[in-house]
Structures are given as structure tokens and as C-alpha cells.
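Please examine the sequence and the structure shown below.

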Amino acid sequence: MDDLVPWISQQLSVYPQALTSLRRLSIPASDHVALILEVDPPQALEVWQRLYAGVEQTQYYPVITESWGEEDFFSRFYYQEEKSQGRLADVSPRAIIAQADGQSRESYLRERRQAETEYLETSVADALELTRRRYGQSPDPSEVTALIDQGQIQSRVDLEQWLWQWEQDAFEVSRVMAPDYLDYLDWFSSSSPLTPVLLLPTPNSWDTLAYLHWYGACTCGTSMAIRFLEHWYRQYGAELVCHYGTMLQFRVKRRPQSPTAAFQLAWEQEALAPCTTLLPGVSLRDHARALMTVDHWFLHERP
């Protein structure tokens, strides 16, 4: 920590206001401290990039966030709720991070997929109508009904996956993969006069959720969310940039390299943060198309 402040001062010498605001914050249930500085919103991303460039040296990960009051940044309230529900054994950041190693993404995805079996038959008409609007034609409803009766399609996710493959078999790849719109993935822009940037005592972007609670973890559990973020980092080079409580924003080094991988990623993101697709009315197929195109992600889960 003693070497960190001089390093930050050197990296951010062109942002005197940020350096003036630099200070330490205690982290409840932890023997570590965080650092906070405040910048003009247009400068936040460049400041983040400068701080990110030194993560290996500093072992502190930067996160752009929103100001709700410094006492709320590291609140253990929602972690305590997770503990009372049996999701966490301990609310300390160190314990939450350690618990993430024992989480099974596959088990969670199976449970979420099973939950999508309800109302399957009533969702068929909407799914086929989406296909007709995009291509001017769609599979015969009786074909889909037969697959449901045979047990080959058992959930809305199965239906979307089957239609995703049908589109690839029926039309040129360039047409299938071209997204209709991407604006639902636009990053949130804060209207606050100053944007806080936190430096958290971990070199890993996924571990930041053990310090700053994300609302989406109220459903999946923080340790499970950490597990997904680590997987996405290793698979796609996804680095968390912004954490706004209900919204997570990432920059991504590698896009999915196949339609199959894109659909799986789309489903993982929806399973973890359903509002990402449900609020804008985006199908899993459309989300898969988008993820093969963009170098940034936007996850959203709200009450």
C-alpha cells in the first residue's frame, strides 16, 4: 500500500483533481483497505485504463462505480442476507472468494434451464413469429409441437437453441449472424458530477464482487457469480470495468468463435442476469448474434 500511492500519483499526474480526492477506505470484515478517487465522468474510462495497466504490479483492481455514500460501498447487508439463506458461510471478502472455488456453473445452469420449462407451449407462437418477422418464414408449428411431445424440446432455452440451429441450416451464415440492433448493450453513463473509481485489494476482476455486492447475486449467490466471471475471463478475456449495483460492464478481448459458443454464452448471461435480455425484449438468438459482434458486455439485473 505504501508504494501504491506514489505509483498512482505518477500514472495520474495529468488528473490533479483525481489525485486530490485520493483517499483510503476501510473494508468491513477485512484486514485490507481500498482506495478511492473521483474523476470527471468523461475521464473515468481513461483513468481506469491507466490504473488497470498496473494491476500486476499493484495487485489492486480498479472499478468504476457510482456514489451512494462511501459507507455503502462495502456494505455487508446483502452478503448477510445470503448467509441467512445458506448461500454463504461467511461474509468476509476472503471467505466469499474461497467459497467460489466450490461452485458448479453446470449445476446452476441445469437448475435455471429446468425453471424455463414452464409455459413452454405458449411461448412457441411468439418464438416462431420472431423468426417470421426476421426471415419471412419459419418452421411449421406442428414440427415444433412434435419435438416437444417427443421430449427433444423441454424448455424455452431448448426452443431458442433449436430455432438458432434451424436458422443456420435454412439461411446464409452472414444473414443469420447479422444482429438487428445492439443499443441494448450500450454502457450506462452516470449523470453524477464526479465518478468514483475504486481500487480493490485483489488483482482479479471477478473477485471484486466479494467487495461490492451486485444485485444479480441475490438470485444466484455471490460465490456463483464470481465463478461465472472468472470463467468468462478465462474464456473470453472479459474484464469488469464498471459496477453500478444492478449493472456490470465489461470489456472483452475475445468474442465467441462459433454460433454454438455464442448461444451458450448468451444463455449463461441471461441465466445470471435475466433483465439483460428480458427488459429490452431480446431473444437468446438475438443476444447470441450480438455477442459475436461486440467487444463489450452489459449485464443488468434489477428488482
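Gln 59 lies in the loop between α4 (55-58) and β3 (61-64); helices (H or I, at least four residues) and strands (E, at least two) are DSSP runs, numbered from the N terminus. The phi of Gln 59 is near 65°, a positive value in a residue other than glycine. With a relative accessible area of 39%, Gln 59 is partly exposed; buried means under 20% relative accessible area, exposed over 50%, and partly exposed in between (1.4 Å probe, protein chains only). Ala 29, in the loop between β1 (23-26) and β2 (33-39), has a positive phi of about 60° although it is not a glycine. At 46% relative accessibility, Ala 29 counts as partly exposed.

The model is a predicted one, in which local features need pLDDT of at least 70 and side-chain atom pairs count only at pLDDT 80 or more, while totals for chains, interfaces and linings use all residues. Residues are numbered from 1 along each chain as its sequence is written, and side-chain values use heavy atoms, with hydrogens and water left out.

**Salt bridges**

Side chains of opposite charge can pair when their charged atoms come close. A salt bridge is defined here as a side-chain nitrogen of Lys or Arg within 4 Å of a carboxyl oxygen of Asp or Glu. The whole structure holds 17 salt bridges, and the table gives some examples.

| Arg 112 | Glu 116 | 3.8 Å |

Arg 134 counts as buried because its relative accessibility is 18%. In the pair of Arg 112 and Glu 116, Arg 112 is buried at 19% relative accessibility, and Glu 116 is buried at 15%.

Arg 234 and Glu 230 both belong to helix α14 (residues 222-236), where they are four residues apart, about one turn of the helix. Arg 234 is exposed, with a relative accessible area of 53%, whereas Glu 230 is buried, with 16%. Elsewhere, salt bridges that share partners join Glu 160, Glu 167, Arg 285, Asp 286 and Arg 289 into one network.

**Nonpolar cores**

In soluble globular proteins, nonpolar side chains tend to be buried together. A nonpolar core is a set of buried Ala, Val, Leu, Ile, Met, Phe, Trp, Tyr and Cys residues joined through side-chain atoms within 4.5 Å. The largest such core has 87 residues, and those with the most contacts inside it are Ile 8, Leu 37, Leu 51, Phe 74, Trp 232 and Trp 297. A second, separate core of ten residues includes Leu 120, Leu 147, Ile 148 and Leu 163.

Contact means heavy atoms within 4.5 Å. Apart from neighbours within four places in sequence, the contacts of Leu 37 include Ile 8, Leu 12, Val 47 and Leu 51.

**The second largest pocket**

Which helix supplies the largest share of the lining of the second largest pocket? That share, five residues, comes from α9. In total, 19 residues line this pocket, and Leu 130, Arg 156, Glu 160, Val 282 and Ser 283 lie nearest its centre.

Thr 276 is found in helix α16 (residues 275-278) and counts as buried at 2% relative accessibility. The side chain of Thr 276 reaches the backbone nitrogen of His 300 at 2.9 Å.

Ser 205 has its place in the loop between β4 and α13 (217-220). This residue is also buried, with a relative accessible area of 3%.

Trp 162, in helix α11 (residues 156-170), counts as partly exposed at 21% relative accessibility. The C-alpha atoms of Trp 162 and Arg 285 are separated by 9.9 Å, although these residues are 123 residues apart along the chain.

Conventions:
A polar contact is a pair of N or O atoms within 3.5 Å; within protein, one must be able to donate a hydrogen and the other to accept it, and residues adjacent in sequence count only if both atoms are side-chain atoms. On a 1 Å grid over the protein atoms alone, a cavity is a set of points where a 1.4 Å probe fits but cannot get out, and a pocket is an open set with protein on both sides within 12 Å along at least five of seven lines; lining residues have an atom within 4 Å of a point.
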